[in-house]
Structures are given as C-alpha cells and as structure tokens.
Amino acid sequence: MGLATGQKVIAVGCGWWGFRERAFATHLDSCAATGFRTLEIGIGDEFAATFPMNTDQQQAAEAMSKAAEAGIKLSFATAENDFSLADPQAHRRMLEHVLAVIDIARLFGVSHLRLFAGFTPAKDVTARLYEQVVDAFKVVNERCVEYGIAISVETHGKITWKGGVAHHENTISTDPHYLERLMRDLPANIGFNYDPGNIKAVWPGEPDCFVSIVNERINYCHLKDWIARDGGWIAGAIGDGTLDYGSLLPKISFDGIYLIEYEPLDDVEDGIRRSLTYLEQLGYRINLR
C-alpha cells in the first residue's frame, strides 16, 4: 500500500551513505541491531563500504550469505556516476564503468540500482549533453532489463563543500522543466529515486519538492533533510530540519521500502533512531523491512 491520506504504515529500510567509511560487516551489524531487514549497498571503489569493482561471484555470495544469516536482504544498490560529463572520452569511460557496476549488481541479485543523471549545473547543460544523458540511460537500461534490475535516477543537485557546509546547485534531476523532459524522454521502465531533501536544498521554497512531476515513476526513495547553515546546508535526519514530511509523505504514491539515508558519519546510528522516532511522531507504524 502507498502512503495515501489516512494510512499510517510505512515500510522502512537502511541506506548506506552514512556508513560509507565503515566496512560492510559493520554496516550489516548496525542494520541488524536496529531491526532493519533491507540494506542498501554501494558498488565501486570510492569508499570503504562499497563493494569494489573486482568483486566476483564468490565474494558476492559470501556477503549475501552473511546478510541472510542476519535476516537482511540486499535489494538496493547504488553507484557513483555522472552521465553529463562534457569530455566524450571521459563519458565513454563513465558508461563502461556503469555497465561494469551492473554486472556486479547482478551478482547480488539486487532489484533496484540507483544512478545519477549528472552534476553539470542545469544552466550549463547543452542540447548535446542532455541527449548524451538520455542515450546513456538507454544503453545501461538494456543491460539492466537483461538482469531484471530496475534503474532509479536520483533527484540530486551538484554539491560544492565549503568549510563543512554543502552548497547545492540545480541540475537536470532537480530542475522541474528537465524532470518533465526526463519523464518523457527516458524509457518508461526507468524510475526515479525521489530524495525530497535534495530537492529542498536546491528549491527551499517548494514545499512539495516537485513530487507531482515524478510521482508516477518513483521506484526508490531516500528519507533525509538538510539544515540551513552559513548560506548553505548541513545534512540531518528527517525531523531535524524544516521539510514537512507530515504533509509530503501522503502525497507520495510510492508503495515500496523507504530508505533512511542519514549522511553524517559521527552519529549515524543516532540519526537513524531520530528519523524513526520522527516517523512515529507523525503517526506512522514503522514496518522495518
């Protein structure tokens, strides 16, 4: 069931970004201790928590076995990518990287793969770059369809960090007009990882965070917030900031597992607990999944 008005049950799983500097086993233990049954994983060589690009079938099977022993499914995977790179050779390498990520994701039997459209500011995206993004998604979608994996394009701006403060810029995955175009131009089976916190950080005056644009294609959802600080933002738990999830959640038609994505590294377990408490305060019965 979705989160229509009057419904007070929400399925919740655990995102991985706040655990990015910890080993997978630590993330798994923390997830299990909290009672989660679904864990998001990262694939790539960027962080300690990601499964590296040389992950083979045996290593994936071992990780899945450990997760199964804890009663946890690894249904969601993420990759770090940018399909809006201006240099054609760099874009070609990026596309090859994502195809390799998909091959690894298949080893884990994931159902959804979170990808980015790109981090070039929307004002700098030319017709060629936009077509490049759409074409890249068509290529990787063919591989994902072969493996039974659904793509989820995250709503995410370009972030520049200054003194520990994040400054978000509008990209084609946070811009309402580009989102409308992507809804038309991407293959119909490609969905969106709706992250309203990221939309808010670019468009703080939009209380519905453009949910009406992508609602019918949301197949993945991150729950977090950003808190205003020194002309930018610092990441926080839902309930820490001003994003009114009490009004927003009933508008979201997505009926899957919402992933708590608490980003700060130093108190991630506490941030997750605050997020769960906030959902309870909104009147939701939490179904840890």
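Q: How many residues does α3 have, and what does α3 reach from its first C-alpha to its last?
A: Helices here are DSSP runs of H or I with at least four residues, numbered from the N terminus. The expected span is 1.5 Å times one less than the number of residues. In this case α3 has 21 residues and reaches 31 Å, close to the 30 Å expected. Bear in mind that this is a predicted model, where local features need pLDDT of at least 70, side-chain atom pairs count only at pLDDT 80 or more, and totals for chains, interfaces and linings use all residues. Residues are numbered from 1 along each chain as its sequence is written, and side-chain values use heavy atoms, with hydrogens and water left out.

Q: Which residues of α3 are buried?
A: An α-helix has 3.6 residues a turn, so residues three or four places apart point the same way. Buried means under 20% relative accessible area (1.4 Å probe, protein chains only). The buried set in α3 includes His 91, Leu 95, Val 98 and Ile 102.

Q: What do the buried residues of α4 pack against?
A: Look for contact, meaning heavy atoms within 4.5 Å. The buried residues of α4 (127-147) pack against α3 (88-108), β4 (112-115), β5 (150-154) and α5 (176-185). Among those buried residues are Phe 137 and Val 140.

Q: Which residues touch the most other members of the largest nonpolar core?
A: A nonpolar core is a set of buried Ala, Val, Leu, Ile, Met, Phe, Trp, Tyr and Cys residues joined through side-chain atoms within 4.5 Å. Of the 82 residues here, they are Phe 137, Val 140 and Leu 223. The most comes from α3, with nine residues.

Terms used
Helices (H or I, at least four residues) and strands (E, at least two) are DSSP runs, numbered from the N terminus. Buried means under 20% relative accessible area, exposed over 50%, partly exposed in between (1.4 Å probe, protein chains only).
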